[in-house]
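Hello,

Here is the structure I promised to pass on. Please open it alongside this note, which says what turned up.

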Amino acid sequence: MAETPVTAPLQPQKSAGGASGVDSADIQGLVRFGYKHYTEAVFLLLRVREARAARAWLAGASVTSAVEMKPLPDYALQVAVTSDGLRALGVSADIIDGFSQEFLDGMAGDPSRARRLGDEGPSDPKYWIWGGGDRVPHCAVLLYALPGGLEARRLAVEAQCAAGFDLLQRLGTTDMGGKEPFGFTDGISQPLLDWDLAQPASDRTQLEYANLSCLGEFLLGYPNEYGLYTPRPLLDPSRDAQGVLPRAAESPERADLGRNGSYLVFRQLRQDVSGFWRALDRYAGGNAGERDRLAAAMVGRTRTGQPIVDPSSVNLNDFTYGADPEGIRCPLGAHIRRANPRNADLPAGAPGILSRLIRTLGFDASARSRDLMSSTRYHRLLRRGREYGTAVSIDQALAGAATPAEVGLHFMCLNANLQRQFEFVQNAWIMSNRFNGLHDESDPLLGNRMPGPGATPSDGFSMPQSDGPAGRLTAVPQFVTVTGGAYFFLPGIRALRFLASA
Amino acid sequence: MTPQSQFTVVAPVRKDREPQLRQLLATMNSLPGLADPHNALVPFGEFATLHFARFALLDDPNQDDIEVYGVPQPNLPSYLAFIGDCDGPAHECLAQVVRRAAARLSEIFAHCADFDAGRDLLSWMVAHDLPIAASYVNWVGRTVLQIKEEGALQRALAAKVDRSAVTSGAAARQRRSELIDFVKNEIAAHRLSLTPPAPTPLRWQLAKLWNLAMGVLITLIALPVLLLFSPLLLVTLRRHETQDPEICPRPNAALLNELQNLEDFDVSNQYTAFGWAKPGPFRGALMTGVLAALQFICRHVSTRGFLGRVQSIHFARWVFIDGRRRLFFMSNYDGGHQAYMDDFINKVAFGLNLTFSSGVGWPHTEWLLAKGARREHLFKYFQRRHQLPTQVWYKAYPGLTLIDMERNARIRQGLEQEHPSDAEVLAWLKLL
């Protein structure tokens with residue numbers, strides 16, 4: 001979770017539909033920008049009441065594109081729809097069926113998904129404020145504005161939407177100055193997108209971790225890390241007589257409803273800031289330095305964002321765990337190590353083809369012990385979340401309050417393959433109590449602490465040390481509760497117009 | 001050391017009895033698809049040598065796939081498979097199961113077409129135990145008893161160990177010897193036990209040696225022949241690879257849902273897949289050769305925790321049925337299904353292509369090793385489409401993964417080691 005609203009590094013601007021083949025005017029801006037300058041934001045979750053009026057609004061909404069604009073407009077507006085939303089808008093079933101199964105099922109669609117995502121116990125969708133049962137949104141309108149400009153814009157948009165939509169939930173946000181509610185600098189680790197399509201669309205082994213991701217990992221219609229196109233709705237051109245939609249890169253005879261679109265994962269995470277700092281204070285025996293050390297061990301960064309695996313690193317996003325295979329500097333189960341293990345396709349070893357062959361066939365025991373995770377580049381997320389609620393200082397948190405502050409993160413991430421990216425990371429890396437050979441612990445921040453099969457605990461946290469058994473915290477309380485969530489499709493702008501007219 | 005073995009009892013199901021059979025099997029579960037170890041039909045938990053077991057209905061919804069080869073679809077039955085992985089000879093384990101649950105097993109197998117209530121149940125089951133084309137055991141010699149004892153040892157030591165840093169080699173030794181005394185006391189008080197491994201059966205060793213010798217001999221004879229004909233073989237291979245139809249539509253949502261409802265109740269999961277083998281002598285011979293080679297590797301090379309780079313498969317088997325026209329694959333693996341498949345694609349796609357590209361509809365391969373499973377979504381669609389729900393699944397050690405077991409075994413080895421160096425003592429303490 002955690003890290004958020006910082007802008008991804010600005011990539012060189014390409015002319016719309018130019019040689020690079022990337023048409024920024026057709027991409028919603030959120031894919032490219034974190035909208036850091038828009039310190040105010042509100043997320044409106046809507047349900048369709050009048051399909052015709054709803055479509056009319058979508059057809060005309062001034063959605064902000066990924067074209068870089070100077071000066072910065074006063075606001076940015078983004079629109080995303082759920083599969084229920086597509087149905088409610090009257091999009092025909094055969095078109096909807098072309099989207100991924102996870103999107104069609106929805107985040108709270110079935111108990112097996114909740115089990116995979118760790119949405120159990122207090123995070124069970126049946127307790128969610130929104131996203132479960134009959135409170136699944138149809139549409140999300142994400143509104144971002146320069147300081148002081150949000151309120152008027154929100155009122156205007158809500159008035160425009162009123163004819164076609166009911167307001168299910170209005171989710172406000174708080175600018176916490178680049179920190180998430182526990183107090184850690186957020187949004188540091190982000191993949192760099194290959195906007196220039198400079199990487200060849202081919203399937204090759206990468207022996208080094210790289211932060212550069214194929215565009216197809218985040219935008220449909222472009223080659224992904226396998227050099228392949230992720231499945232998406234490709235339509236017979238007769239369905240798009242006006243030629244609203246772009247054509248598919250790999251089969252130009254088909255209209256591509258997915259191109260320039262992405263799946264948006266949206267989860268409301270309530271953070272128990274007081275519970276977090278008081279628990280750490282207890283483990284630290286009231287020693288502030290030790291408390292900070294434990295907190296940094298859990299996160300994998302200090303509060304200012306310095307990665308503890310490499311405290312001297314200048315670029316906070318340019319490091320790997322290659323020199324710390326045992327997790328002595330940064331625990332194997334630290335949050336940022338789980339969320340992004342920064343490994344390559346093959347564990348490192350001696351140079352030469354023989355060594356590589358031996359590692360490829362699994363005969364190198366040392367390489368095997370470092371080979372318990374999937375290769376990171378297939379499991380990246382582009383995070384776009386925002387904090388909400390009342391910021392709590394550490395002192396306030398330690399003092400506690402009669403009513404704990406309602407504070408947390410509107411976690412958002414973009415990905416082209418919900419199964420291989422968000423669901424995989426959440427299931428195999430974050431919630432798993434067997435990540436990287438660990439046991440009896442899941443993510444120190446996000447874990448739901450539910451005991452596993454065979455009554456094995458998941459509420460521990462281990463910190464390996466060089467000269468003795470790993471230090472171990474037990475009975476770590478639950479710090480984060482999921483209180484809402486849904487899978488959205490963030491369409492390309494032409495696709496949005498098409499859906500509004502379908 | 002006690003070697004492991006597998007039984008694969010498979011019998012055709014009477015079409016009219018299938019719904020009742022499904023109902024009956026469901027009564028064995030405490031969670032969807034997950035067996036209650038003490039269920040009234042086959043109380044798996046009582047069989048001390050049984051690692052994994054399952055009942056699965058092999059009813060192929062994609063039977064008409066074979067028509068792409070212009071072969072008329074024969075009317076093949078559905079099967080009931082009762083499979084298990086156990087310590088020691090499989091038939092001894094089966095005999096134990098029969099002794100304990102004969103009447104209830106008969107009740108289950110009475111749904112099969114050729115079940116004969118008058119016949120001795122054990123001999124009927126043994127007669128239906130299919131030969132396995134290739135079988136994989138993660139760690140040959142690791143018994144259920146050992147896994148459970150070492151699991152308890154790890155829990156006891158992890159709770160007991162002083163986690164402060166050690167200041168010297170002598171301090172580390174001191175801490176170890178205290179733990180050794182602790183374990184001795186626990187053993188004396190019958191709270192822990194560490195049963196020494198049984199002697200390795202001589203017959204098994206001899207058979208393995210004989211198999212090794214024969215394998216080497218056959219390879220030496222076959223290799224020059226294969227090399228001599230390799231241009232022809234490669235041309236034929238490429239012809240097949242380019243012409244074999246690819247059948248990888250997206251699996252239907254209902255099937256996916258049914259499969260997912262059975263998954264992720266434990267740190268391990270089960271996988272059962274069923275499909276046609278490609279017809280014709282070339283693919284038939286290729287598949288036979290590849291699986292024979294795989295079986296040889298599983299027997300002599302991959303016996304210590306890994307198959308290629310994959311370290312998460314407990315047991316797996318490839319079994320031919322219907323006169324080698326069809327094939328099923330079953331495995332027990334750690335982690336979620338998605339991670340299992342990504343592991344396969346990223347670590348052993350070549351191995352998948354070798355062993356499964358002779359299955360009808362497999363995504364096109366290049367030179368037998370490349371592409372195929374690397375074509376991500378086609379492969380993922382293919383494998384889910386061919387997966388069948390496993391009606392009843394049993395695991396003897398819930399909550400334990402292979403990585404856990406390997407660590408626990410090392411903890412025990414370190415405990416029993418005679419004269420460890422300072423570095424070894426420290427490494428041992430870190431395991432805790």
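In chain A, the buried residues of helix 7 pack against strand 9 (262–271), helix 8, helix 12 (394–399) and strand 12 (407–415). This is a predicted model, in which local features need pLDDT of at least 70 and side-chain atom pairs count only at pLDDT 80 or more, while totals for chains, interfaces and linings use all residues. Residues are numbered from 1 along each chain as its sequence is written, and chains are lettered from A and ligands numbered from 1 in the order in which they are written.

Some terms. Helices (H or I, at least four residues) and strands (E, at least two) are DSSP runs, numbered from the N terminus. A residue is buried if 20 or more other C-beta atoms lie within 10 Å of its own, exposed if 12 or fewer, and partly exposed in between, with C-beta atoms placed from the backbone. Two residues are in contact if their C-beta atoms, also placed from the backbone, lie within 7 Å.

The buried residues of helix 7 of chain A are V273(A), S274(A), F276(A), W277(A), A279(A) and L280(A). Just after this helix, G285(A) has a positive phi of about 60 degrees.

Helix 7 (residues 273–283) and helix 8 (residues 288–299) of chain A pack at about 120 degrees, axes 8 Å apart. Axes are lines fitted to C-alpha atoms, for helices over the stretch in contact; angles run from 0 to 180 degrees between N-to-C directions. On the helix 7 side of chain A, L280(A), D281(A) and Y283(A) make the contact. They meet R291(A), L294(A) and A295(A) of helix 8 of chain A.

**Chain A overall**

Chain A has 14 helices and 15 strands. Its radius of gyration is 23 Å, close to the 23 Å that the globule rule gives for 502 residues, so chain A is as compact as a globular protein of that length. The radius is taken over C-alpha atoms, and the rule is 2.2 Å times the number of residues to the power 0.38. Buried residues make up 55% of the 502 residues in chain A.

**Where the chains meet**

Chain A gives 39 residues to the contact, and chain B gives 41 residues. Helix 13 of chain A gives the most to the side of chain A that touches chain B, with six residues.

**Domains of chain B**

Chain B is divided into domain 1 (4–142 + 199–395) and domain 2 (144–196 + 402–431). Those bounds come from an automatic or database domain assignment. The domain centres in chain B, taken over C-alpha atoms, are 37 Å apart.

Best wishes
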